[in-house]
Every structure is written in structure tokens, then in C-alpha cells.
Amino acid sequence: MPMQKLVQIRAYLTSKFVERESVVEALLIALISRQHLLLISPAGTAKSALSAELAKIVDGASYFQWLLTRFSTPEELFGPISLKGLEQDVYRRNTTGKLPESHISFIDEIFKANSAILNALLTIINERLFYNDNQIVKCPLMSVVGSSNEYPEEGEGLEALFDRFLLRYEIGYIADEPNFISMMRGTGYQVTAPSMTLTELEHLQDTADLVDVPDSLLFALSAIRTELRDAGITPSDRRYKQSLSLLQAKALIDQRTEAKLSDLMILSNALWETVGQKAKVKEVVEKFAMDRIMKALQDIEQSILDINNTPLPTSAVAMEQLEKLKRLEQELTNLQNDLSKTPDHQVDLDRITGLNKQAKSNVGSKLLEY
């Protein structure tokens with residue numbers, strides 16, 4: 001039952017938040033693996049809305065959301081000092097409704113964290129502990145979603161905070177015109193959101209821990225580590241170890257009991273340390289994670305997206321793009337024949353075939369206007 005609900009939740013969120021499929025997947029992977037997710041994007045890209053929607057779906061989960069500024073105080077995140085405690089010479093915070101008591105948290109402009117709150121924030125995120133009047137309090141925290149308009153600059157003392165986020169994604173504005181119209185109308189998704197209980201979520205987390213990671217993936221991960229090290233990119237052993245939980249969660253949300261080679265792709269969002277390393281990490285991970293069919297599907301999808309973003313000022317241009325889509329359609333048909341022996345990528349092929357069909361419809365409609 002929880003697995004079925006997970007499928008429904010994923011479908012609901014991806015339909016409601018258009019062009020956010022990868023972020024929805026990342027949120028679910030972070031939550032199921034008990035890891036943290038960093039979102040880098042300009043304002044107004046539905047980061048907080050998506051996090052809040054996910055938290056509402058988990059019945060019984062405590063959710064904390066806050067916008068940090070450079071003037072933020074510890075009281076904002078950890079709660080005010082208890083006045084009754086002060087009367088007894090006890091310096092204790094009232095953490096009710098604050099970060100130490102939350103299961104899911106969204107912290108906007110997280111790199112605005114100042115020295116007054118940074119150490120306690122790091123401890124909660126990394127160790128799930130909060131020191132309150134010299135007492136160690138265990139926090140129920142599952143995942144923190146941090147967001148920022150930009151990456152932290154070197155020398156600001158935020159390297160440790162940045163490192164706490166195992167997954168890091170960049171988000172842009174909606175690119176496809178029909179998707180933008182759908183977003184404006186608020187159409188295309190279910191009226192009633194699915195839900196699961198906190199107990200069911202914990203069951204999914206425990207189930208993910210049991211997903212098998214075969215030796216072939218460990219050897220591939222070791223090879224990735226070697227190539228990255230040769231390129232001067234050296235994620236910590238802790239980050240590699242934690243990355244196994246991402247592979248397990250990815251397999252689980254795809255309803256599998258064993259991780260497979262293509263799951264390694266999620267690590268292109270986890271194994272880089274600086275922005276300048278992103279492209280190289282993606283290149284190396286793809287080398288070991290993508291087989292011939294997966295690479296072909298990725299190339300076709302990118303071609304479709306490029307066509308969607310191409311202006312159609314004349315009928316000649318529209319006809320040219322339509323011919324390209326027809327050729328892509330034939331390539332997808334050829335790949336379908338290949339998948340008869342290795343059906344691992346059927347879901348992706350069906351999705352990209354749907355994208356191609358929609359793109360053809362859009363270009364065809366444009367041709368009728370000339």
C-alpha cells in the first residue's frame with residue numbers, strides 16, 4: 001500500500017508542478033533516503049510551494065519553513081528562551097514548532113546563515129541533535145530542503161553547510177509555452193492530493209534500506225571515484241557512502257528491490273564539490289551509468305526540447321521542425337524494437353514518445369495558422 005501511494009504522490013506532484021519532474025524525484029529520494037537537498041534557482045520557481053505540498057501530503061509530519069537573512073537570530077530557527085526556565089536559572093529554548101521538532105524543513109536563503117546560528121544548524125542537519133541547556137535532544141528531522149539564489153562564495157565559512165547537502169539541483173523558469181499556460185491556468189493535475197501517514201513514510205524508508213546494491217554498482221562507483229580523483233575531484237568517503245542511500249531510494253520509487261546501473265545518474269547531482277566541477281562529474285557518471293539506449297533516449301529528449309524552444313516565424317521553419325520530429329519518431333520506433341530484449345528503459349521511452357507526440361501536435365497546430 002505505501003508503494004502504491006508513493007507512485008500516486010509522484011504523479012500528483014509532477015502534474016501539478018510542471019517541468020519539475022527531476023526536482024520532484026529528488027525531493028522524494030531525499031525524503032526516503034533521509035538525506036538533504038539543496039535547490040539553487042532564481043526567486044519564483046515554486047521551491048517552497050513544492051516542499052510545502054510534499055509536507056502536507058505526509059499526514060502527521062511536522063513541517064518547518066523559514067526565510068533566513070543576515071540578521072536572523074537563533075530564536076527564529078530554534079525557538080525563544082523559556083522565561084519559566086530563566087526563573088529557575090535554566091537557559092532552555094522552547095522548541096515547539098521550530099526546526100528541532102520538525103520532520104521536514106524548508107530553509108530559504110540558507111547561505112544567509114550567520115555565525116550565531118551556524119553551529120547549531122550544522123549539528124541538527126548532520127547529526128539530528130540539538131543541544132538545549134546542555135541536554136542532547138534527538139531531532140526527528142528526516143530532510144532539510146535548503147534553497148538559495150546563488151552558490152556560497154569561497155571564504156564565507158559556509159563550506160561545511162554546503163557539504164551537508166548530499167543532493168544539489170539547479171532550477172530554472174518554465175521553458176515550454178504550453179506548460180507555462182497550463183501553470184497559469186492551474187490545470188492538468190488532480191483536485192484532491194494523495195496522502196500517506198508518517199508511519200507509512202517511515203516504512204518506505206526502512207524498505208529502502210533493504211534494497212540490494214549489487215557488486216557491479218560498487219565496482220562502477222569505484223571506477224567513477226578513480227576517474228574523478230584523476231581529474232582532481234575528491235568527494236569524501238562519507239559522501240560516497242551516503243550516496244548508496246540515494247541509489248536505494250531511486251530504485252524504490254521506481255518500484256524495484258535492486259538498484260541498477262542507470263540509477264548512478266542521480267550521483268551527477270551529488271559528487272561535485274564546486275560549480276566548476278559539475279560538467280566533469282556529469283561526464284564521468286554518464287560514462288558508467290548510461291548504456292547505448294539510455295544515451296540515445298537522452299539525446300532524443302534534448303532534441304525535442306530544443307525544437308519546443310525554437311521560434312516558428314514562418315511555415316517553412318515549422319515544416320522543417322516537423323520533419324525533424326518525424327525523424328525522431330522513427331528513431332524512437334527503432335529503439336522500441338531494441339527494447340524487446342532489454343525492457344529496462346521502457347518507461348523513459350514511453351515518456352519521451354509522449355513528448356515527441358505533443359511536440360508534433362504543437363508544430364502541426366502552428367502550421368495550420370499560416
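Let's start with a pair of helices: helix 2 (residues 21–33) and helix 11 (residues 237–253) pack at an angle of about 115°, with their axes 9 Å apart. The axes are lines fitted to C-alpha atoms over the stretch in contact, and angles run from 0 to 180 degrees between N-to-C directions. Helices here are DSSP runs (H or I, at least four residues) and strands are E runs of at least two, numbered from the N terminus.

This is a predicted model, where local features need pLDDT of at least 70 and side-chain atom pairs count only at pLDDT 80 or more, while totals for chains, interfaces and linings use all residues. Residues are numbered from 1 along each chain, and side-chain values use heavy atoms, leaving out hydrogens and water.

So who meets whom, with contact meaning heavy atoms within 4.5 Å?

| Helix | Residues in the contact |
|---|---|
| Helix 2 | Glu25, Leu28, Ile29, Ile32, Ser33 |
| Helix 11 | Ser245, Leu246, Ala249, Lys250, Leu252, Ile253 |

By class, that contact has seven nonpolar, two polar and two charged residues. Ala, Val, Leu, Ile, Met, Phe, Trp, Tyr, Cys and Pro count as nonpolar, Asp, Glu, Lys and Arg as charged, and the others, Gly among them, as polar.

Now zoom out. The chain has 15 helices and nine strands, and its C-alpha trace spans about 80 × 50 × 45 Å along the principal axes. Of its 370 residues, 46% are buried, meaning under 20% relative accessible area with a 1.4 Å probe, counting protein chains only. Among contacts with a separation of 6 or more, 76% join residues 24 or more positions apart.

Key:
Contact means heavy atoms within 4.5 Å. Buried means under 20% relative accessible area, exposed over 50%, partly exposed in between (1.4 Å probe, protein chains only).
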